[in-house]
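Colleague: Could you walk me through this one? I'd like to take it slowly, one topic at a time.

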Amino acid sequence: MQGKTSTKRCIIIPVDDCDGMYLGEKGCYLNMTAIEMQEPKYSDTHCIKPDIPKERREAMNEEEIRNIPILGGMRAI
């Protein structure tokens, strides 16, 4: 994205098209869930994904569920 003084690399998420993300009075919010990894990599034991509403998730097939983007990882401190 080109700013006044420099160009910044950005991730742009269309809020209206993203399940689990909504606009509130004080900002934009993302509901997330931690999922335990069956085959942990590195030291992460869980991955963080958007929390899809139950009705929407139940209507998805296995491939669609696997394709929900991973937002990050978690590990015990």
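**Cysteines, sheet and pocket**

Modeller: Let me begin with C28, which is partly exposed, having a relative accessible area of 42%. Please keep in mind throughout that this is a predicted model.

Colleague: And C47, is that buried or exposed?

Modeller: C47 is buried, because its relative accessible area is 11% and the cut-off for buried is under 20%.

Colleague: How many disulfides are there in the whole structure?

Modeller: A search through the whole structure turns up 0 disulfides. As a reminder, a disulfide is a covalent bond between the sulfur atoms of two cysteines.

Colleague: How many bridges hold strand 3 and strand 4 together?

Modeller: Strand 3 and strand 4 pair over 5 bridges, in the antiparallel sense. If you want to trace the pairing in the picture, A34 has I48 as its bridge partner in strand 4, while E36 has H46 as its bridge partner in that strand.

Colleague: Is strand 4 mostly covered or mostly open, then?

Modeller: Strand 4 is mostly covered, since 4 of its 5 residues are buried.

Colleague: New topic: what volume does the largest pocket have?

Modeller: The volume of the largest pocket is about 230 Å³. The idea behind such a search is that rolling a probe the size of a water molecule over the atoms shows where empty space is left.

Colleague: Which residues line the largest pocket?

Modeller: Among the residues lining the largest pocket are I35, E36, Y42, H46, C47, K49 and G73, so you will meet C47, the buried cysteine, again there. By type, the lining divides into 5 nonpolar, 3 polar and 4 charged residues.

Colleague: And which strand gives the largest share of that lining?

Modeller: Strand 4 does, with 3 residues, although strand 3 (32–36), strand 4 (46–50) and strand 5 (72–74) each supply at least two residues of the lining.

Notes
Residues are numbered from 1 along each chain as its sequence is written. This is a predicted model: local features need pLDDT of at least 70, side-chain atom pairs count only at pLDDT 80 or more; totals for chains, interfaces and linings use all residues. Side-chain values use heavy atoms; hydrogens and water are left out. On a 1 Å grid over the protein atoms alone, a cavity is a set of points where a 1.4 Å probe fits but cannot get out, and a pocket is an open set with protein on both sides within 12 Å along at least five of seven lines; lining residues have an atom within 4 Å of a point. Grid points are joined across faces, edges and corners, and a volume is the space filled by probe spheres set on the points. Ala, Val, Leu, Ile, Met, Phe, Trp, Tyr, Cys and Pro count as nonpolar, Asp, Glu, Lys and Arg as charged, and the others, Gly among them, as polar. A disulfide is a pair of cysteine sulfur atoms within 2.5 Å. Buried means under 20% relative accessible area, exposed over 50%, partly exposed in between (1.4 Å probe, protein chains only). Two strands pair if DSSP finds at least two bridges between them.
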